[in-house]
Amino acid sequence: MRTQAFFKVAVLSGLLALAGCASKVAQPDQYSGFLKDYSGLKETTSATGKPTLRWVDPSYDASKYDSIVYNPITYYPVPKPTTQIGQKLLDDLLAYTNTKMKAAIGQHKPIVATPGPRSLIFRGAITGVSSKKEGLQFYEVVPVALVIAGTQMASGHRTMDTHLYFEGELIDAATGKPVIKVVRKGEGSELNNENSPMTVATLKKVVDDMATDATMFDVKNKK
């Protein structure tokens, strides 16, 4: 009976762990404050099939604008390097993200240095780069495997999940009001353990997908 009870507890614990890892979009407690207003954001699917939180002004009409002012993407808040997420990664990741996103946004309108009456202003930020131990998988939720998994986590040998968080908006230069807002959480490549350093390659696919979605965005189809 005690074994059966322990098994039930193990299964329940595993399911709770899975539920905690199920969200593919950023949660309100993960918003950075970079955007002044997060109201109206709704979960949708991007052109590349990625879950995204987005808001588009119902009256937005791309034909009313003829240029975009690109403000370079920054970190918000400013991150503190760690052994796994070093300063070189932070510098290289920011440079790569700016290169890809500026090119993608420039596909829609010419990029200019000074806003005019028919300009949009882009501002964006990487609001988080994280690595954490992978949650227990369902097949591991049996008493013996649960003990083994716990030992792996304690010894630092458990696989690490990685994520990049991004927030951005397009602002009407004439009114100063946003017309599009986006909050995005992207999953990078797994790291072998907590001692494995993160590189740009770990998060490259996340940035590439963001850039592709920015290029392909179609306000009419909300993609």
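I looked up aromatic pairs and found four in the structure; rings of Phe, Tyr and Trp (its six-membered ring) pair if their centres lie within 6.5 Å, and planes under 30 degrees apart count as stacked, over 60 as edge-to-face and the rest as tilted. I noted that Tyr31 and Tyr38 are stacked because their ring centres are 4.5 Å apart and their planes at 10°. The model is predicted: local features need pLDDT of at least 70, side-chain atom pairs count only at pLDDT 80 or more, and totals for chains, interfaces and linings use all residues. Residues are numbered from 1 along each chain as its sequence is written, and side-chain values use heavy atoms, with hydrogens and water left out.

I then checked burial (buried is under 20% relative accessible area, exposed over 50%, partly exposed in between; 1.4 Å probe, protein chains only). Tyr31 is partly exposed at 23% relative accessibility, while Tyr38 is buried at 16%.

I recorded a stacked pair of Tyr60 and Tyr65, with 5.9 Å between centres and 20° between planes. Tyr60 has a relative accessible area of 15% and is buried; Tyr65 is buried at 8%.

Next I looked for charges over rings (NZ of Lys or CZ of Arg within 6 Å of the ring centre and within 35 degrees of the ring normal). Arg123 lies over the face of Phe34, 3.9 Å from the ring centre. Lys181 lies over the face of Trp55, at 4.7 Å from the ring centre.

Last, I took the chain as a whole. Of its 223 residues, 41% are buried.
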